[in-house]
Amino acid sequence: MSNHPQAWYIIKRPTGHCEVVPSDRTDDKLQVSAKDRWGPFSSQEEAFARRVGLIRAGKCQPM
């Protein structure tokens with residue numbers, strides 16, 4: 001386990017849905033542009049709250 005807290009990101013998938021992922025999963029496999037990624041957020045709860053805002057703003061589709 002690392003000495004620094006986990007950061008969280010919101011990643012927009014090609015389907016339009018946004019997923020909350022930890023920083024250790026935001027590697028080269030995700031290959032998303034800056035406009036399709038938000039964060040880092042200090043907690044998973046904050047990232048989920050921001051995702052709700054993105055859905056309400058029409059930037060993400062609800063799951």
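## A tour from the strands to the helix

Welcome: colour the chain by secondary structure, and you will find 1 helix and 3 strands, where helices (H or I, at least four residues) and strands (E, at least two) are DSSP runs numbered from the N terminus. What you have open is a predicted model, in which local features need pLDDT of at least 70 and side-chain atom pairs count only at pLDDT 80 or more, while totals for chains, interfaces and linings use all residues. Residues are numbered from 1 along each chain as its sequence is written, and side-chain values use heavy atoms, leaving out hydrogens and water.

**Stop 1: the whole chain.** Starting at the N terminus, the order of elements is β-β-β-α. Of the 63 residues, 27% count as buried; buried means under 20% relative accessible area, exposed over 50%, and partly exposed in between (1.4 Å probe, protein chains only).

Stop 2: Select residues 8–12, which form strand 1. Since 4 of its 5 residues are buried, strand 1 is largely enclosed by the rest of the structure. Two strands are said to pair if DSSP finds at least two bridges between them. Look for W8, which sits opposite P22 of strand 2. The hairpin has 5 residues between these two strands, and G16 there has a positive phi near 100 degrees.

Next, bring in strand 3, residues 37–41, which runs antiparallel to strand 1 and is linked to it by 3 bridges. Across from I10 you will find W38 of strand 3.

Stop 3: A salt bridge here is a side-chain nitrogen of Lys or Arg within 4 Å of a carboxyl oxygen of Asp or Glu, and the count comes to 3. E19 meets R13 at 2.7 Å, N to O, and also R25, with the closest N and O atoms 3.2 Å apart. How accessible is E19? At 23% relative accessibility, E19 is partly exposed; R13 at 24% and R25 at 41% are partly exposed too.

**Stop 4: the helix.** Finish on helix 1, residues 44–56, and select E46 and R50, which are 4 residues apart and so separated by about one helical turn. Their side chains form a salt bridge at 3.6 Å, N to O. E46 is partly exposed at 27%, as is R50 at 46%. Back at the previous stop, shared partners join R13, E19 and R25 into one salt-bridge network.
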